[in-house]
Amino acid sequence: MAEEKQEKDTGLNFPKEITRRLGGETIAFCYQCGTCASSCPVTKVTDRFNPRQVIRLALLGKREEVLTDGAIWLCASCYNCQERCPQKVEIADVIYALRNISISEGKIPNIYIEFANALLSEGRIVPISKFLEKKRAEYGLPPLKPVGMEALRKILSATGFDKIMPKKGEPR
Amino acid sequence: MTSYALFLGCTIPARQPHYELSARKALKKLGIELVDLEGMSCCAPPPLQSIDLETSLAIAANNICTAEEADLNIVTLCTGCFESLAMANTLLKEKRELKARVNKILSTAGKEFKGSKEVRHYLQVLMNDVGLDCLRQSVVKPLGKLKVAAFSGCHILRPSELLRFDDPERPRVFDTLIEALGAKSIWYKNKLKCCGGLLRGYADDVALAIARDKIVNATNAGADCISTLCPFCFLTLDLGQMLIKTTYKEEYNMPIIHYAELLCLSLGVEPKELAIDFHKVKIDKVLEKIG
């Protein structure tokens, strides 16, 4: 077990694993110039996230570190880095790929569990309250059309989304 | 009359009736018909893309299929919805393998993405269907004295390769539309940078620090208000000022106003018809200045 884990951590399997994922295809083009970090609104206010560093660790095969130290959840998905990357690394999408891997292994922040459950039960990630329904009518807004739950459930079942049964607790 | 399927998404109908109300009123006045279709769901924005990108593409495609079946192009108000749907639409129209992969998923629900429709943000409808000349002529109450800090948010501009809305580094569309109402669109520091909204709920301290930057920069530039397109930007900056007050002990009172609201005011709609109670930071100063 221990040996297996070590091989996973030090080998180059992790970059390959990311490259095979939707969103992760371009990670290996990175030459660590740091344009991403200097364009990042999050890096500007906290040292807990630096996109260049996330990519570096991932390319070095530091699987456990990347998936558990919490940095990947601090990307604001603003795409500023991706827009400016001279190597056309799709950085924001790479972060999505890393989050997708993390979640497929049950490491999912609570807020995302809430989004997933709202989608599964209502087809919306921000369910509408009785208060707002009443307000809408007062303002003369039309009643909301029903969500296509039947089709949505079939899609969520076809991709296995409905089988993601996360364990509570944020990755740290 | 030009007709669009209105894609409302989750946040606007559930949290911001002032946005929906003003957008519906303004577009109707400008001759755009909005059709509410049955069967749409969440657009599959970044929080869902974070969980699974493939599922998110399929959800977005399924929404586009609903518009295809009704033979209508889609218009969105929320820039998050715009990004999810426009990104999926471009990707699936241009990447054959990905389209096949997504259509295999959709087939389990009896759906097929054909790629026959367009996804537009309402600013594009104003620019291309209404047109600047017609818009200027429709303004009955020019917002002459108002200095507006335009804040389009990220997801109408980026990733520009797929969204194709405007130049991502030197955008002009939003500013042009603000000036068409007679107001002045002012420059402020870090105008194009993110509001931090998507970090709310995971790292509230980081999200608030980024939002504060935005408010400070607009204040220093002498803005009368910040104008938004995205419901998350609105929430982050409007409600955010209450949190800045308790966390940083600073008070800015910077009104945050959706562009659709400014549009309605310039078209002569009375403020009392616009659900302005939903603003945490009151907009009275702005209304006074407009007169």
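Predicted model: local features only at pLDDT ≥ 70, side-chain atom pairs only at ≥ 80, totals over all residues.
For the bounds I went to the domain assignment, which puts domain 1 of chain B at 2-122 and domain 2 of chain B at 131-290.

Next I looked at how the two domains meet. Domain 1 of chain B brings 25 residues to the contact, and domain 2 of chain B brings 24 residues.

Which helices of chain B each supply at least two residues of the side of domain 1 that touches domain 2? I got helix 1 (11-15), helix 2 (17-29) and helix 5 (79-94) of chain B. Helix 2 of chain B gives the most to that side, with 9 residues. I then sorted this side of domain 1 of chain B by class and noted 13 nonpolar, 8 polar and 4 charged residues.

Then I moved on to the contact between the chains. I counted 51 residues from chain A and 51 residues from chain B in it.

On the chain A side, I listed the helices that each supply at least two residues to the side touching chain B: helix 4 (41-45), helix 7 (80-84), helix 8 (91-104), helix 9 (110-122), helix 10 (130-138) and helix 11 (149-158) of chain A. Which helix of chain A gives the most to this side? My note says helix 11 of chain A, with 6 residues.

Last, I checked classes again. The side of chain A that touches chain B divides into 35 nonpolar, 9 polar and 7 charged residues.

Definitions and conventions:
Residues numbered from 1 in each chain as written. Chains lettered and ligands numbered in written order. Domains from an automatic or database assignment. Contact = placed C-beta atoms within 7 Å. Helix = DSSP H or I, 4+ residues; strand = E, 2+ residues; numbered from the N terminus. Nonpolar A, V, L, I, M, F, W, Y, C, P; charged D, E, K, R; others polar.
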